[in-house]
Amino acid sequence: MNGINVLCGVGILSTPYAIKQGGWLGLVILVVFALLAWYTGVLLRRCLDSKEGLQTYPDIGHAAFGTTGRIAISIILYVELYACCIEYLILESDNLSKLFPNVHLSIGGLTINSHVFFAILTTLVVMPTTWLRDLTCLSYISAGGVVASILVVICLCWIGVVDHVGFENKGTALNLPGIPIAIGLYGYCYSGHGVFPNIYSSLKNRNQFPSILFTCIGFSTILFTAAAVMGYKMFGEATESQFTLNLPENLVVSKIAVWATVANPITKITYALTITPLAMSLEELLPRSQQKYSNIILLRSALVVSTLIIALSVPFFALVMALIGSLFAMLVTYILPCACFLAILKAKATWYQTATCSFIIAVGVTCACVGTYSSLSGIVQNYAT
C-alpha cells in the first residue's frame, strides 16, 4: 500500500496531456519507464543488502561515493521534495479556482484573483501540519490517497460513458516536438525511488520486495494508462495540463473528481511529509542553542511561504511537473541507482548487469537533458507571452 501511495499521486492528472504532447506512441515511454523503474528499484535493494547498516538512499550514496555521494544525493532529494511542494500548491490553486472561479479578495486597491487566493489559502491550511515534529499521528489517513487516485479515474470513466461525453477524439500517432515534455511528465509518475529504501527496510520479509515493487508499479501503470487513454480520447487537443480542468462543470461527478484531486495531497498529508525531511536538515544547521520549537516553527513557516512565492511566480503545472520529471526523477529513479550499483557491486556484477546499467544511465542522461531544456524553454516562453 505504501508503494502505491507513493506512486499514485498528482502525476496521474497529466497523463492525458502527455499523450497530447507526444502522441499515442508516447505511451511506449510510460511502459519503458515502468520496467526500468522496477529494475532500478531492485538495484537499490541489492545496494542496501551489500553492507550492514544501509537503510536510506543517502546511505547508498555514501557507500558508493563516500561523503560526497551522501551530500550530493541528499541535496538532489531535498530539492526534488521542495519542487514537489511547489507543484502541490499549483495543483490546489488550479482545481479550487475551477470549483470557485468567481472568488476574489479586494484589499484596498489590490484585487487577488481566485488562483492567488486559493494558493494562499492552501498554504495557510498546510502550514500548521508542517509544525509537527512527529507525523505518525496523521499517518492513519494517508491510505486515503490511493482511494482518491482510483476515485478520480472512476469519475473520468463515468463522465465518458454514463454522462455521454464520449471517446471520439483520435489524436496523432506521434508528435516528435512534444516528446521531451512527455518524457518529463511520464518520468514524474515514477519518482518514488527516494523512499523505496525506507519501505524496503521496514519490510518483515524482504525477499518479497521485488514482487511487491512489481505489483505497485504495475498497478500504478495501469491507472496511469487508463487515465491517459480515457482523458485524451475524451478531450483530444483541448486536453489541459490536468484533466480535471477539462471536466464539465455542470456534472456532479466532475465536482467529485475535482474535490478528490484537491483532497489527494491532503489525505496523504503529502505536503507535510514532503517538506519535513528538508526542514529537519535545515534545523540541524542551527546552533544548538537556537533549536527551540519557536525557531523551528518560524523556519518551517518561512520554508512554506517560499514555496508559495515560487508557485505564484511559476504557475505552470505541466511544465513544472515535466521539469521535476526530467531532471530529478531521471537522476533519482534511473541514473543514480545504476551508478551506485556499479560503484558498490561492480566486482560482483555480471556483464549483462553492467551493460543494462550503462544503457539505463545513457537513457536517463539523454532524457534529462532534452526534457529539462524543453521544460525550461516552455517556462521562459510562457513568461515572454
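Arg45 counts as buried because its relative accessibility is 17%, where buried means under 20% relative accessible area, exposed over 50% and partly exposed in between (1.4 Å probe, protein chains only). The model is predicted, so local features need pLDDT of at least 70 and side-chain atom pairs count only at pLDDT 80 or more, while totals for chains, interfaces and linings use all residues. Residues are numbered from 1 along each chain as its sequence is written, and side-chain values use heavy atoms, with hydrogens and water left out.

**Salt bridges**

Side chains of opposite charge can pair when their charged atoms come close. A search of the whole structure finds two salt bridges, each defined as a side-chain nitrogen of Lys or Arg within 4 Å of a carboxyl oxygen of Asp or Glu.

| Salt bridge | N to O distance |
|---|---|
| Asp49 and Arg45 | 3.5 Å |
| Asp59 and Arg70 | 2.8 Å |

Asp49 and Arg45 both belong to helix H3 and are four residues apart, about one turn of the helix. Helices here are DSSP runs (H or I, at least four residues), numbered from the N terminus. Asp49 is partly exposed at 42% relative accessibility. In the other pair, Asp59 is buried at 14%, and Arg70 is partly exposed at 30%.

**Nonpolar cores**

A nonpolar core is a set of buried Ala, Val, Leu, Ile, Met, Phe, Trp, Tyr and Cys residues joined through side-chain atoms within 4.5 Å. The largest one has 108 residues, and Phe33, Tyr186 and Tyr190 have the most contacts inside it. Helix H13 (residues 317-345) gives the most to this core, contributing 20 residues. Another core, of five residues, lies apart from it and includes Leu96, Leu99, Val258 and Val262.

Tyr186 is located in helix H7 (residues 179-188) and, at 0% relative accessibility, counts as buried. Between Tyr186 and Gly11 there are 7.8 Å in space, C-alpha to C-alpha, although they are 175 residues apart in sequence.

**Helix H12**

Helix H12 (residues 293-313) has 21 residues. Its buried residues include Ile296, Arg300, Leu303 and Leu308. Seen down the axis of H12, the buried residues fall within an arc of 155°, so they line one face of the helix; the arc is that of the directions from the helix axis to the C-beta atoms. The face turned away from the buried side of H12 carries the exposed residues Leu298 and Ile309.

Methods: Helices (H or I, at least four residues) and strands (E, at least two) are DSSP runs, numbered from the N terminus. The expected span of a helix is 1.5 Å times one less than its number of residues.
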